Amino acid sequence: MIQIDRQRSPRDLLPGIDRLFALSATKIRSIESTWDPADGAPVFTVEGRYRARGWTEWTQGFQFGSALLQFDATGEREFLELGRSRTIERMAPHLTHMGVHDHGFNNVSTYGTLWRLAREGRLDAGEWEVRFYELALRVSGAVQARRWTRLPDGGFIYSFNGAHSLFVDTIRSLRALALGFLLGHRLLEEQDAAVSLLDRLVQHARATAQYNVYDGRKHDRPDVRVRVAHESLFNAANGTFRGPSTQQGYSPFTTWTRGLAWAMLGFAEEIEFLEIVPDDALQASGGRAAVESMMLGAARATCDHYIDVAAADGVPYWDAGAPGLAALGAWGDRPADPFNDREPVDSSAAAIGAQGLLRLGRLLRERGDPAADTYFQAGLRVVDTLVDASGPYLSVDPKHQGLLLHSVYHWPNRWDHVPAGASIPRGESSQWGDYHAREVALYVMRLAQDAPYLTFFGPAGVANEDAARSASGNTSR
């Protein structure tokens, strides 16, 4: 369980965050100078060098999006030009990729970040450049929404496994639908049937909350207060729920902690987005009260579970039910040990989950909820662990291309590198771990500096105007 050992403020973490971005610059340059685009997208490191892994190209947006985050944090224009040029040159195939559920990962991290930077006045982009990014985001949101399995009471965006498969990961890719809606777009299906991207966003979130987040109140009888299933399986012909499953976790009945982290961040971000959506636009989805209650319940449940299953310093092991944890004794009462010989930790889950804790804490603070400080302080505790100069997580070796060490990709498939003499993976990095370490560091940096609040949809005032226009059907500017 995360132990809040002292009260922290975002400003307290600035020295570690500055160090993170100083190290980050070297890593980005190293990958750019050595990576062959013909190999696909870099996925994870082996002995400190990034490698591809043929499954899907879901990490390319993190590669180029990292350069944009580096610019956002430091103002170094070389990283803006790198991220912008690579997005324009190489990301177009991801916009119309019909075979994946990863549009929010690839396209919001690149086109979406460039669009946000323009809206914030950080990027000097002409009208046509901004419209180019907007068109890309409209297309991506519609393509994402098209991967649709109908349920008796809604539906979900199905994973690359097929129409029967609901992944918990996809909750964070809903940003693609959110931006498409914000820009006034809709999906047109057979015979010009118009589909609301906002309604599909809400329906997918509802299905995830109902079927992937187990809290003892629905279709499950868990032996813990709450857990998260990586995958839910359905009969695609009639939408009947069949049971939980997993691809990257230990079992369907344990919590794969990176999946938990995706849910934490995804639900928290979408609640922030809904705050700018007019009430009328949510009526077709059940009304604001019902939608927010559903999402807030899932955000609380997942963040509570993370606090319970992470180690004392906020870094979790790769699966909360991994069998080797029993041999580690009271592992939850002490800092995570990436050098143990039983089960790997997953620092990438920590980087993702920390942002979920922080966003939920801030959201609840604005609503006067007394639990807000618990979530916010837990999030700061995790970030402090990751950026600690004396800790094991930041990669200080200039020859190591990764930024955040001790990330795990697919341990059940044994895709992760195990160094000689060890029995579990350690010391390696992933594109999503590095990206989310940068993203949560930028988030905390902005809080510490009283800078504009970081959201994927940009400045609140402008976003409110766009949401109102979209809801009214008037998308002219």
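Helix H12 is mostly covered, with 14 of its 16 residues buried (under 20% relative accessible area, with a 1.4 Å probe and protein chains only). Helices here are DSSP runs of H or I with at least four residues, strands are runs of E with at least two, and both are numbered from the N terminus. The model is predicted: local features need pLDDT of at least 70, side-chain atom pairs count only at pLDDT 80 or more, and totals for chains, interfaces and linings use all residues. Residues are numbered from 1 along each chain as its sequence is written, and side-chain values use heavy atoms, without hydrogens or water.

H12 spans residues 372–387. From first C-alpha to last it reaches 23 Å, close to the expected 22 Å (1.5 Å times one less than the number of residues).

Strand E3 (residues 148–151) runs antiparallel to E4, joined by 4 bridges. Pairing requires at least two DSSP bridges between two strands. Thr 149 has Phe 156 of E4 as its bridge partner. A hairpin of 2 residues links E3 to E4. Both faces of E4 (residues 154–157) are covered. Gly 154 and Phe 156 are buried on one side, Gly 155 and Ile 157 on the other.

An open antiparallel sheet contains 3 strands in the order E5-E10-E11. E5 (165–167) and E11 (240–245) stand at the edges, each with a single partner strand, so one side of each lacks a neighbour in the sheet. The twist averages 25 degrees from one strand to the next (axes are lines fitted to C-alpha atoms, for helices over the stretch in contact; angles run from 0 to 180 degrees between N-to-C directions). E10 (residues 231–235) and E11 share 5 bridges. Asn 235 is partnered by Thr 240 of E11. Helix H8 (residues 197–211) lies across E5, E10 and E11, at about 90 degrees to E5; contact means heavy atoms within 4.5 Å.

Note on methods: Buried < 20%, exposed > 50% of the residue type's maximum accessible area, 1.4 Å probe, protein only.
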